[in-house]
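Here is a short briefing to read alongside your protein. Keep the sequence and the 3D view open as you go.

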Amino acid sequence: MGSNGEEKKDGNDEYQDMSIAEIIDYCTNARYEEIERELEEMKSYIGGGSSVQSEVQREVNRSSWKAEALQIGCLLTKQCSILIPKISFHRMDPPEGINNLSDSGRDNNDQGNRMASSSSSTYNVQTSGSSHESEIKPFRSRTEVGMDFERERNLFVSVSVGTEAYKIKILDLAITAMNELANMTIENEPLWHPCIAGRILNCAEYIKKFRQVDSHFPVLPNAETYTNPLQTEASRETRFLAVQPVHIVELLMNNDKYSHVLSNMVSKAKVLGVLSTQAQGDYNGALQVMAVEFHASSPLVRNRKCYLARYCRRLNNNAWGVVDVSLQSLFPNPLTRYRRRPSGCLIERFRDGLCKVTWVEHCEVDNSSVPEVCRYFVTSGHAYGAKQWLSTLVRQHERLTHIRVRRDPKLQLSTGEANLLILADQMMRNFWRNLSFSRKNRWMLVSLSDDENINKAIIRFVKEKEGRCPGPALVMAATIRISASARRIFNFLQDENSRSKWDILSHGHVVQQTRSISNGCVPGNRVSILEVKSPEDPDRTVKTLLQESFSTSACSYVTFAPVEASSINMILNGGDSDNVPVAPSGFSILPDGLTGDEVSLVTIVFQILDSAASPMCFPAHSVYNMYKVITETAKAITAGVVDPYNMG
């Protein structure tokens with residue numbers, strides 16, 4: 001109680017009679033002097049009379065107070081429950097003629113309904129003729145304010161890390177993190193407890209043993225939820241690879257290679273500053289500051305973003321260490337949802353040309369927004385844990401080794417086959433881009449059905465030439481649970497003999513595999529060319545598909561895209577695949593994290609070309625058709641893998 005008998009105001013009550021614009025102006029003015037003081041040190045380093053430096057200095061000042069204002073505006077907008085306008089389709093009836101798409105593709109009047117999985121409309125699509133209610137609304141989309149704030153913050157961090165004061169602090173943080181990582185890779189009990197999934201961290205023992213790298217430990221309230229603290233995730237995994245340690249070091253320290261090889265988990269990796277470099281090819285002591293963004297294998301799960309320092313050091317003649325550590329303690333952000341504690345790998349040279357890689361993942365994250373269907377998959381560490389990272393590294397190594405090392409001259413890859421693998425690799429990276437919940441992928445929630453297994457699907461617009469997309473397109477995705485092992489589902493989906501059982505666009509057709517290139521040790525890891533034959537004329541090919549399938553100890557994928565037969569022939573004859581468009585659809589298959597190998601999470605991703613689509617306009621007939629394909633595909637897969645008589 002105050003002296004006048006009135007109860008004290010708390011929170012943001014002082015703003016309750018002000019508009020959002022007035023609040024932002026008020027808070028900006030109140031914070032400007034404080035920001036100026038914080039930037040004094042930076043100014044002393046980036047000043048000096050140069051016009052370029054002066055412009056940078058002015059930009060830093062503008063960026064900082066604008067970022068503060070944008071950040072406050074984001075929080076207050078959320079608190080005041082300002083609703084984003086909905087895009088709704090009411091009483092969406094199936095388009096005329098939907099029950100009779102001809103085999104010859106005569107339905108050409110509907111230019112907006114060209115299926116990416118059926119570029120010539122060659123399949124019968126059976127749908128009901130009943131009316132449906134549909135609604136499309138934002139699915140936790142990033143606003144323009146959020147994107148502006150990220151750009152401003154990137155600029156602020158990139159300029160700050162160039163100052164000597166920050167360099168010293170970051171180097172000290174990185175060295176401490178490397179020492180912690182080295183200890184965590186060799187310690188066992190009581191720090192790490194063995195479990196079915198590998199090893200789990202004893203948090204109490206961790207606190208006792210290590211000096212805290214981040215002064216904000218143990219909990220940091222999340223400004224978006226206000227009540228939920230960040231939860232700890234930690235895991236460790238060890239594997240052996242037939243490779244020299246320096247090759248793994250180069251992969252992790254070279255940003256282009258890192259982003260490419262680990263693209264099934266890395267949405268973005270941008271180097272904001274290089275603080276320490278050595279001679280070319282020597283990464284001992286290399287230190288860089290990065291903005292990174294990681295994604296899971298379902299777009300229902302938000303990406304994880306942070307600023308981190310990546311540090312590499314040769315620990316002895318036979319061992320290297322590469323460590324990441326969040327810079328939250330140096331660049332605090334009240335919107336922090338993810339903080340990366342010392343994580344990375346220890347790479348030891350072993351006998352017989354092998355190296356031992358021990359990977360540690362340790363972070364604090366807010367998982368409150370993860371939907372129920374993916375909840376345990378994420379919180380158990382299956383989505384972002386050490387096993388996922390290391391299995392990806394092992395898979396890529398096996399893939400390259402299997403392709404390059406072929407002792408039998410008859411098995412050597414031709415130029416055409418090598419180019420086909422390049423196209424398949426591009427297709428896979430486009431597929432992972434479609435899976436990502438990044439700021440560039442503005443997903444919208446679709447509600448079309450009361451199906452108990454698919455109660456949430458999301459859709460987004462793909463602009464022309466994005467990832468080689470041949471035109472404007474729509475991507476729809478849904479994640480479902482299926483009571484079958486991931487291996488059983490993978491075998492069912494990648495086998496051309498069972499394709500007509502789940503692909504509703506090829507019911508009644510014969511699917512033949514005309515070319516297969518193995519690219520891994522696991523059966524089914526291959527790139528294939530599939531031809532879909534007309535049921536009336538087996539000699540007539542109505543569609544050609546490029547498919548890649550692979551499985552690791554942590555996840556499996558089956559991805560495919562329609563490609564013109566003339567393009568396939570051109571590539572196999574040695575032509576360049578760079579200009580061949582691909583619009584992939586497919587599946588990611590993962591353990592649910594709760595039941596061991598008894599239940600799997602399957603994310604279905606379906607893409608269509610639609611010239612009538614735009615970022616704010618999703619044609620009703622396309623939304624309905626895509627949703628119908630996904631729901632029918634989900635039912636067919638479930639029936640096929642649960643009923644043993646359907647396995648073929």
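## A buried arginine to start with

R340 is buried, at a relative accessible area of 3%; buried means under 20% relative accessible area, exposed over 50%, and partly exposed in between (1.4 Å probe, protein chains only). You are looking at a predicted model, where local features need pLDDT of at least 70, side-chain atom pairs count only at pLDDT 80 or more, and totals for chains, interfaces and linings use all residues. Residues are numbered from 1 along each chain as its sequence is written, and side-chain values use heavy atoms, with hydrogens and water left out.

**Salt bridges**

- The side chain of R340 forms a salt bridge with that of E361, at 2.8 Å from N to O. The pair links distant parts of the chain, with R340 in strand β11 (residues 338-340) and E361 in strand β13, 21 residues apart.
- A salt bridge here is a side-chain nitrogen of Lys or Arg within 4 Å of a carboxyl oxygen of Asp or Glu. In general, side chains of opposite charge can pair when their charged atoms come close.
- E361 is buried as well, with a relative accessible area of 5%.
- R340 and E361 belong to a network of salt bridges that also takes in R310 and D324.
- Helix α10 (residues 415-435) holds both R429 and D425, 4 residues apart, or about one turn of the helix. Their side chains meet in a salt bridge of 3.2 Å, N to O.
- R429 is partly exposed at 21% relative accessible area, whereas D425 counts as buried at 14%.
- K208 and E205 sit 3 residues apart in helix α5 (residues 203-209), again about one turn of the helix. The closest N and O atoms of their salt bridge are 3.5 Å apart, and K208 counts as exposed at 66% relative accessibility.
- How many salt bridges does the structure hold? The count is 19.

**Overall makeup**

- The chain has 14 helices and 22 strands. Helices (H or I, at least four residues) and strands (E, at least two) are DSSP runs, numbered from the N terminus.
- Of its 648 residues, 53% count as buried.
- Among contacts with a separation of 6 or more, 69% are between residues 24 or more positions apart. A contact means heavy atoms within 4.5 Å.
- The chain exposes about 29000 Å², with carbon and sulfur atoms supplying 50% of that area. Accessible areas come from the Shrake-Rupley method with a 1.4 Å probe, and for residues only the protein chains shown count as cover.

**Around A477**

- A477 lies in strand β16 (residues 473-482) and counts as buried at 2% relative accessibility.
- Which residues does A477 touch, not counting those up to four places away in sequence? They are P299, W443, A457, I458, I604, V605 and I630.
- A477 and N434 are 43 residues apart in sequence, and their C-alpha atoms are 8.9 Å apart in space.

**The loop between β12 and β13**

- L354 lies in the loop between β12 (343-349) and β13 (355-365), and counts as partly exposed at 31% relative accessibility.
- The phi of D352 is near 60°, a positive value in a residue other than glycine.

**A cis peptide bond**

- The peptide bond from E189 to P190 is cis, with omega near 10°. P190 is in the loop between α4 (164-186) and β4 (192-195).
- Most residues other than glycine have a negative phi, and most peptide bonds are trans.

**Cysteines**

- The model has 0 disulfides, counting a pair of cysteine sulfur atoms within 2.5 Å as one.
- C469 is buried at 2% relative accessible area, and C555 is buried at 3%.

**Confidence**

- The chain averages a pLDDT of 76, and 69% of the residues score at least 70. pLDDT is the predictor's confidence in each residue, from 0 to 100.
- Residues 1-13 stay under 50 in pLDDT, and the model gives them 4 contacts beyond four places in sequence.
- Residues 213-227 also stay under 50, with 43 such contacts beyond four places in sequence.
- Where pLDDT is low, the predicted coordinates should not be read in detail.
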